[in-house]
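Hi,

Here is the structure you were waiting for. My notes follow below it.

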Amino acid sequence: MNITVLAVGTKMPRWVDDAVNEYAKRFGRDIQYTLKEIKPEKRGAGINANQGMVAEEKRIMENIPNNAFLVVLDERGKAPTSVELSEYLNTWQQNGEHVCFVIGGADGMTDALKQQARLMLRLSSLTLPHGMVRVLLTEQLYRAVSILHNHPYHRE
């Protein structure tokens, strides 16, 4: 199964990259996990938040794999439990889906991009820094895989 995460933002702190890489290498051969950074649009100098989101949307759209099942992370999305996320993952895997998660920029995402998503999820009702979202998403995807494989990583 292929999982792609598109995350607006570059130059994350080292701890973010280390944590994402640690969880990503745990997936094993069954999951091909890719994190692609999307260059954020600079604000100021006549570029407002909406213009920035439109520019970022264009970059995101260019990087979504063909025919991918698009999942957008948004504060108004569904908040699955880890077990529910594993059920989504199981369905996607059985359907042969290439799943693409999108983490928007500092100002969020355009409504047009959200409307293209087949699913909107949220990781928390709290506002989280973008680096933390990368880590939490990768860890939760690994946890979902471990649940599917009856690995003792997840405990109820």
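At what angle do helix H1 and helix H5 pack, and how far apart are their axes? H1 (residues 14-26) and H5 (residues 130-148) pack at about 15°, with axes 9 Å apart. H1 is therefore roughly parallel to H5 (angles under 35 degrees count as such). Axes are lines fitted to C-alpha atoms over the stretch in contact, and angles run from 0 to 180 degrees between N-to-C directions. Helices are DSSP runs (H or I, at least four residues), strands likewise (E, at least two), numbered from the N terminus.

This is a predicted model: local features need pLDDT of at least 70, side-chain atom pairs pLDDT 80 or more, while totals for chains, interfaces and linings use all residues. Residues are numbered from 1 along each chain, and side-chain values use heavy atoms, without hydrogens and water.

On the H1 side, the residues that meet H5 include Trp15, Val20 and Tyr23. H5 answers with Met132, Val135 and Tyr142, among others. Contact means heavy atoms within 4.5 Å.

Phe101 is worth a look. Beyond its neighbours within four places in sequence, Phe101 is in contact with residues including Ile3, Val71, Trp92 and Leu141.

Best wishes

Terms used
Parallel < 35°, antiparallel > 145°, perpendicular 65-115°, else oblique.
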